[in-house]
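Keep the model open beside you and try each task before reading its solution.

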Amino acid sequence: MENSLRSCFTVAFMVLLLSAGHLQPTEAQSSCDSVQLSWCLQSIVSNIPPSQECCRRLRTQEACLCRETRDPTFGGYLRHPGARRVATACGVTFPRCD
């Protein structure tokens, strides 16, 4: 039951992120794209090692992690202990955010 609920929530969240990707970013935000981090959701919330694609996309968003941590949509996942585990496994330095 818990896995089913988690899977349902993950799918719903990914749909939300994908629909948010259609918004027009400002020039300063153009390189930050929280949808790219959705490739790592399964690894963040479970004990599954991150895929190569997750790591590749996480590296492209490394400079955006503090901003994304404060995002009401995705921030909860980045504050989850699994996010640091995934970042370490991908060789990404998770910044200390103010």
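**Exercise 1.** In which loop does T73 lie?

*Solution.* Start with the ground rules. This is a predicted model, where local features need pLDDT of at least 70, side-chain atom pairs count only at pLDDT 80 or more, and totals for chains, interfaces and linings use all residues. Residues are numbered from 1 along each chain as its sequence is written, and side-chain values use heavy atoms, with hydrogens and water left out.

Step 1: T73 sits in the loop between α5 (65-69) and α6. Helices here are DSSP runs of H or I with at least four residues, strands are E runs of at least two, and both are numbered from the N terminus.
Step 2: T73 counts as partly exposed, because its relative accessibility is 33%. The cut-offs are under 20% relative accessible area for buried, over 50% for exposed and partly exposed in between, with a 1.4 Å probe and protein chains only.
Step 3: S34 is 39 residues away from T73 along the chain, and their C-alpha atoms are separated by 9.1 Å.

**Exercise 2.** Describe the overall make-up of the chain.

*Solution.* Step 1: Count the elements, and you get seven helices and zero strands.
Step 1: Turn to burial. Of the 98 residues in the chain, 38% are buried.
Step 2: Check the contacts, meaning heavy atoms within 4.5 Å. Among those between residues at least 6 apart in sequence, 71% join residues at least 24 apart.

**Exercise 3.** Work out how α4 and α7 meet.

*Solution.* Step 1: Find the axes, which are lines fitted to C-alpha atoms over the stretch in contact, with angles from 0 to 180 degrees between N-to-C directions. The axes of α4 (residues 52-60) and α7 (residues 81-90) come within 10 Å and cross at roughly 95°.
Step 1: Classify the angle. The two helices are therefore roughly perpendicular, a class that spans 65 to 115 degrees.
Step 2: List the residues. C54, C55, L58 and R59 of α4 meet V86, A87 and C90 of α7.
Step 3: Sort them by type, and the contact has six nonpolar residues, no polar ones and one charged. Here Ala, Val, Leu, Ile, Met, Phe, Trp, Tyr, Cys and Pro count as nonpolar, Asp, Glu, Lys and Arg as charged, and the others, Gly among them, as polar.

**Exercise 4.** Which residues of α7 are buried, and which are exposed on the face turned away from them?

*Solution.* Step 1: G82, A83, V86, A87 and C90 are the buried residues of α7.
Step 1: Look down the axis of α7. Its buried residues fall within an arc of 140°, so they line one face of the helix; the arc is taken from the directions from the helix axis to the C-beta atoms.
Step 2: The face turned away from this buried side carries the exposed P81, T88 and A89.
Step 3: Cover for the buried residues of α7 includes α3 (41-45), α4 and α6 (75-79).

How values were computed. Parallel < 35°, antiparallel > 145°, perpendicular 65-115°, else oblique.
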